[in-house]
Amino acid sequence: KSANPQWREQFDFHYFSDRKDMLDIEVWRKDNKKHRELLGRYEVDITALPMKQTNCLELPLEKQPGSLLMLIVVAPCSGVSISDLCVCPLGDPSERQQISQRYCIKNSFRNMKDIGFLQVKVLKAVDLLAADFAGKSDPFCVLELGNDSLQTHTVYKNLNPEWNKVFTFPIKDIHDVLEVTVFDEDGDKPPDFLGKVAIPLLSV
């Protein structure tokens, strides 16, 4: 019940410079669980923003009254990566030794924000639910840690997909939970849910 809401939330998106993605922002009004109304949207061209500085933007909503005030920072992100299993980061013993040194006890307080990172190898899924009429699914896997989200490619017409991808996340809160969700790609429609597992970092 506010025409001037303040959210004060931070979200981290992984933007790869070889892509021409736009940051698509939408503002919605929600009466109840079933009824929602789009109040406006705005697209931000990431490539037009200066690097390594805080950009304070007041964005007028398209075809609707009102505006958004946002702070956007485009900065190099260390630790985040997606790679194939055959070129897995940390595969080199000398690299692993450097990382062990970086996170040893005597260096614990050198950088308080550098808690560590998590590497996840998503190999395959077995006996998934058939979401299509033909008795198959088009599965892909989404990994979420805090506000970070990365996903695999889609394996079409397969209930036993093999992704063989390696994902690396920087850890910002040791109490975070890694959520791994499998979806069925459904064209222009929202993907169908095929299953989920949640893994607290403290259990690893």
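Which residue lies over the face of W28, and at what distance from the ring centre? In this predicted model, the residue is R36, placed 4.4 Å from the centre of the W28 ring.

**Domain record**

An unreviewed UniProt entry lists residues 1–59 and 93–204 under "domain: C2". Over residues 93–204, the chain is 42% strand and 9% helix, and the C-alpha atoms at the two ends are 21 Å apart.

In soluble globular proteins, nonpolar side chains tend to be buried together. The largest nonpolar core here has 19 residues, of which L143 and L178 touch the most other members.

| Element | Residues |
|---|---|
| β10 | 177–184 |

Strand β9 gives the most to this core, with four residues. Apart from neighbours within four places in sequence, L143 is in contact with several residues, including V120, V122, F167, F169, L178 and V180. The contacts of L143 also include D148, S149 and E179. A second, separate core has 11 residues, among them I25, V27, L59 and L61.

**Aromatic pairs**

The model holds three aromatic pairs. One of them joins F183 and F193 edge-to-face, with 6.4 Å from centre to centre and 75° between the planes. This pair links distant parts of the chain, since F183 belongs to strand β10 and F193 to strand β11 (residues 192–200), 10 residues apart. F183 and F193 form one aromatic cluster together with F140. F183 counts as partly exposed because its relative accessibility is 21%, whereas buried means under 20%.

Note on methods
Residues numbered from 1 in each chain as written. Predicted model: local features only at pLDDT ≥ 70, side-chain atom pairs only at ≥ 80, totals over all residues. Heavy atoms only, no water. Phe/Tyr/Trp six-rings, centres within 6.5 Å; stacked < 30°, edge-to-face > 60°. Buried < 20%, exposed > 50% of the residue type's maximum accessible area, 1.4 Å probe, protein only. Lys NZ or Arg CZ within 6 Å of the ring centre and 35° of its normal. UniProt positions renumbered as here; feature names shortened; annotations may be inferred. Core = buried A, V, L, I, M, F, W, Y, C linked by side-chain atoms within 4.5 Å. Contact = heavy atoms within 4.5 Å.
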